[in-house]
Amino acid sequence: MGSVLGRMGGVKASGSSPTSPPHQGPRNWALRVLPGEDGAAAAPGRPKEGLRRPTQGQAPKGRGRLSGPPTSDLAPFRRGVPMDSPPDHHPDRRQKLNKITFSGLPDRVSGSPHLAGLRQSEREAYECIQEFLEQEQVLEMDKLKFLSAVDTLSGAVHAQANGNMDDFFPKTVLAEKIMKLILEESMEALVSTVRQQAMLCVVALSQVNPPLHLSQKLDLATAGISSIISLPLIMPSLDRKESASLYLQTIQALDDMLQALVMEDLEPSMAFLQSFLEVVLPCLVQSDKVHEQTRILGAVSRILRFICNFPVLAHMAEFSVTGKLMGTLGLLCMSPNLEVGMAASEALHYLFKVLALQRSAKQKTENILKDLQKHFRGEWLASIQDLTMFFRKYLTPEERADLILVSLEALTKPSRRDPRAASRVLRTILKSSVPDIGKVPEIIKHVYHHMHSTTDAAAQETIRKVLHVLAQTYTDEVVLTLFEMDEQSQRGAHKPWEILASFPKGYEVIMEHLLQRLTPQQRSRPHEPGCRAQISPLIATRALHELLLEPSRRVEVQAFFPHLFLALLFRISSLLRVGAAQPPVSQGMDPVSCSVEALKTLMRSAGYSDHVACVQELQGWELLTSPERHREGVALLGRAMVLRKCWHSRPVFRLTIRVLQDPDLENHMTALVFFTEEPGLWVAEDASSGPASSDSLRVLAQLLQCPDVAAAANEEMVRTLANWFQREEPAVVKLLLRAVEVLSRHENTGKQLRALQPYVLSCCYSADGSVVAKTFQVLRDLVDQLPWQHSAAFLIQLAFTLPPFLEEESEHLRLTAFEIYGALLAKVSRRVFVFPLRHQVLNLLILLVLHLEDANSRIAQISRPTLCHLATLLGWSKLRATFAEKDVWTILSALLQQEAGRAFWFLKQSVLLFRSPQVPIRRTAVWFAGQILQTLGAEEAREMDEVHAALRHMRADPDPTVSCLATQTSYILEAKEKTWVASSTSCFCPRRLRKACF
């Protein structure tokens, strides 16, 4: 923290600022004269006599107190570091800074027209200032007199028509002296009003000409804020009222000084604010003390609130720190400390107001301000929502990049305590479509250098997300930056390419864009910003090679293989075409060699390593790179694909035909040569009666009948099957289900089968009825084949998937669902019958009992042994005999008698069965609900609304027996409620708590 304060306290003497030239004219903006001050109503030329020293506990009265927000900050701040020396570092000259003499003073006093026009008190102030500047050792009283004298003389100069402080004393010298007085104050305790009076003196000095330069304004502001945040924490107490009061007065003086310094003529200067924020933001981020953070946040919040009062701001176009400020405040809004979070939220609110007033359309400003006011000092979620809106609509691309960089730094910096806030901000602002973002190379470089130093899992995932989102939108810039970083660092030291390949959907977007860059005749993505760097086909080839080296995206490579294969082949042909202009070649950057290596990697990634080896044995790769024998190499490559039975022969063949149909294609000869090397495809293509994917799957399903083939099924094949499952074509899905069914019948395929089981379960919800029927058939076989100890997770997930289908209207599907459920429970032993399966089965207990009345007798036959096995698992020996022999009414009565503690749970299950499409089940459910209602106590009275509604609905049941029974049950419920009301009003004992039994 010392280094931070060292930078903050290291104030340099003012000098000329090229960015802020002096402005002439009076500076009487927003001046509020406090009631009761001497000379408050004085006419021009009659300034007040001087400043009275405030008594203890009294607010000091100084010239130029600006109207500003009240200070509520009671928290103290941090220890400071003395400021650096002025620019002149010579020891002798540095000693003369505190001793400045003016020769011939009597002559100037008596003869100078500037001094002659002063009143007696103002001349005394002049002499006091001169005497103070000549002294080397001064007391506190002398400091206060000096400050009062400067204030009095400033008032006199301000009252003059063309007054200029340089006519009396160099204004820069006075400002440096005041700044030194502020920094000389104790950092251990606030016991004097010198600091406060010095700040108010800066306010008065700011009202007179000549104006202070920007650098000196910044020095004064830095000195003031550093002297305040360095103070120790002031805890409220009865014996420290005076200290707290003095602290509040000093904070108000600091606000007045900052507001005075930020003004440039009649408008706030955003150039000064930016310089000030560039000093305090690092301190705010690096501080680990709550009171220091709240003081800095309070100062920033109040100066932003002050700026909101002005419709026009000077240098607003150059105010470029908005993104950093918004990012820092947004992160602090989620601080675990409530005080810091509220202070940051307030500062962020006023920053939003400034942006709304300056950057929004006037017709929308009022509504935006109203919405902001609703969220003022609200929860952090509201602040983050507003931040996201302003990030997208009111920040420039560079400011958005600054916000992202601030969040990334918080995410990757080891000293930051909570990376979750930064992760939440980044995920929120990048959740939907990404707006235009600048400084993409800078962001990528930061990610590249810090991604491996982050140990937090959530932070790593967020960094991956940022890189991936930027790569999808700004592929060219990301690729160029990654190659630049790879060349500057040790090859292979960082692996950002594997991150780009880790997201399936984004990987497809990136590959598609690189494919477009590889074939320049195709258009780029329409949402790609136009005025940005674009990669050449050579860089696109290298990027494809890097992405294809990552093994995690084999499924996506299969989909892109035909297009990439032909694009790379045509790229080689174009480079070797006679008369083609060859691009400059650098070491390791030969375009032909890069394209050939990318083609080899593509084939290996798609599983064609044997094809690559075959072409190598025939020296086909050398022929492919030879301008004279290039077509021979193309012919060898096509022949290898035919002889080795390439899986992608059909799609490559179809794509080749489409290529040959384009008469303007410059590589038609290459396509023709490749086409003639695949004669076997003519017969296959003409004979195909369905989609090529279906034919391939039929072959695959037949091959899987062989145990050796099934056992050899590798991860790549499983990923391919999983990718095909997502196509949702009924014919394809049925073949895939058949392949899974065959796999389940072989040993040593458990790993492959487990990877495909989630896709099988998802087919239960297919919109195609034939797919659902096939899925349940496969699930029935899977339950029979799979042992519980190796497939418990899948079987439990299946148990939770089946309940909706146990009430299916289709008898065939309902019967299959009961068969699967019964077979699944038959595999369960008491040792493994635990939560959550135990709870799920108990939740279906009434359904299983009531389906003894199912219209399909086979379902009733399945339900009874399932209930008996369930009774065994639960240890219900008496009920097991009842389940095995008795009718449904006897079973329900016995169940209610033995498990009375679960009566209300049974009631909920019965109410759900009111919706059954079968009349016997609805009738039995209503009857059992009536039986349960008679056993319930007053403690369940509050939870009868759902039962009331269900019974009212059942009165309109199309079956008269169900309707009549529902009416009778409603009367039972109404009678019970009356008894519950009577018992509750006549008993003063606490309500008995009902124990939930699970």
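Predicted model: local features only at pLDDT ≥ 70, side-chain atom pairs only at ≥ 80, totals over all residues.
Helices here are DSSP runs of at least four residues, numbered from the N terminus.

Start with helix H5, which covers residues 120–134 and contains glutamate 131. Glutamate 131 has a relative accessible area of 47%, so it is partly exposed; the term covers values between 20% and 50%.

Next comes helix H6, residues 140–159. How far apart are its end C-alpha atoms, and what span should its 20 residues have? At 1.5 Å a residue the helix should span 28 Å, and its end C-alpha atoms are 29 Å apart, which agrees. Helix H6 is mostly covered, with 15 of its 20 residues buried. A residue is called buried when its relative accessible area is under 20%.

From its first C-alpha to its last, H10 reaches 32 Å, close to the 32 Å expected for its 22 residues at 1.5 Å a residue. Of those 22 residues, 17 are buried, so H10 is largely enclosed by the rest of the structure.

Most residues other than glycine have a negative phi, and most peptide bonds are trans. Where does the backbone depart from this pattern? Asparagine 209 and proline 210 are joined by a cis peptide bond, with omega about -5°. Proline 210 sits in the loop that runs between helix H8 (194–205) and helix H9 (214–229). Another cis peptide bond leads from phenylalanine 835 to proline 836, and its omega is near 10°. Proline 836 belongs to the loop between helix H40 (811–826) and helix H41 (837–842).

Positive phi values also occur. Histidine 315, a residue other than glycine, has a positive phi near 60°. Histidine 315 lies in the loop between helix H12 (290–307) and helix H13 (322–333), and its relative accessible area of 30% makes it partly exposed. Glutamine 619 likewise has a positive phi, near 60°. Its loop lies between helix H27 (609–617) and helix H28 (620–624). Is glutamine 619 buried or exposed? Its relative accessibility is 54%, so glutamine 619 counts as exposed.

Now turn to the charged side chains. Side chains of opposite charge can pair when their charged atoms come close. The structure holds 16 salt bridges. In one of them, glutamate 292 pairs with lysine 289, and the closest N and O atoms are 3.9 Å apart. For a salt bridge, the nitrogen must be within 4 Å of the carboxyl oxygen. Glutamate 292 has a relative accessible area of 0%, so it is buried, whereas lysine 289, at 40%, is partly exposed.

A further salt bridge joins the side chains of glutamate 484 and lysine 445, at 3.6 Å from N to O. Which parts of the chain does this pair tie together? Glutamate 484 is in helix H21 (residues 475–488) and lysine 445 is in helix H19 (residues 440–450), so the pair ties together parts that are 39 residues apart in sequence. Glutamate 484 is partly exposed, at 32% relative accessibility, and lysine 445 is partly exposed at 29%.

Arginine 464 and glutamate 461 also meet through their side chains in a salt bridge, 3.6 Å from N to O. Both lie in helix H20 (residues 457–473), and because they are three residues apart there, about one helical turn separates them. An α-helix has 3.6 residues a turn, so residues three or four places apart point the same way. Arginine 464 is partly exposed at 26% relative accessibility, and glutamate 461 is partly exposed with a relative accessible area of 35%.

Salt bridges can also be linked to one another. Arg780, Asp784, Glu819 and Arg858 are connected in a network of salt bridges.

The tour ends at helix H45, residues 888–898, where leucine 896 is found. Leucine 896 is buried, its relative accessible area being 11%. Between leucine 896 and phenylalanine 906 there are 8.3 Å in space, C-alpha to C-alpha, and the two residues are 10 apart in sequence.

Note on methods:
Residues numbered from 1 in each chain as written. Heavy atoms only, no water. Helix = DSSP H or I, 4+ residues; strand = E, 2+ residues; numbered from the N terminus. Buried < 20%, exposed > 50% of the residue type's maximum accessible area, 1.4 Å probe, protein only. Expected span 1.5 Å × (residues − 1).
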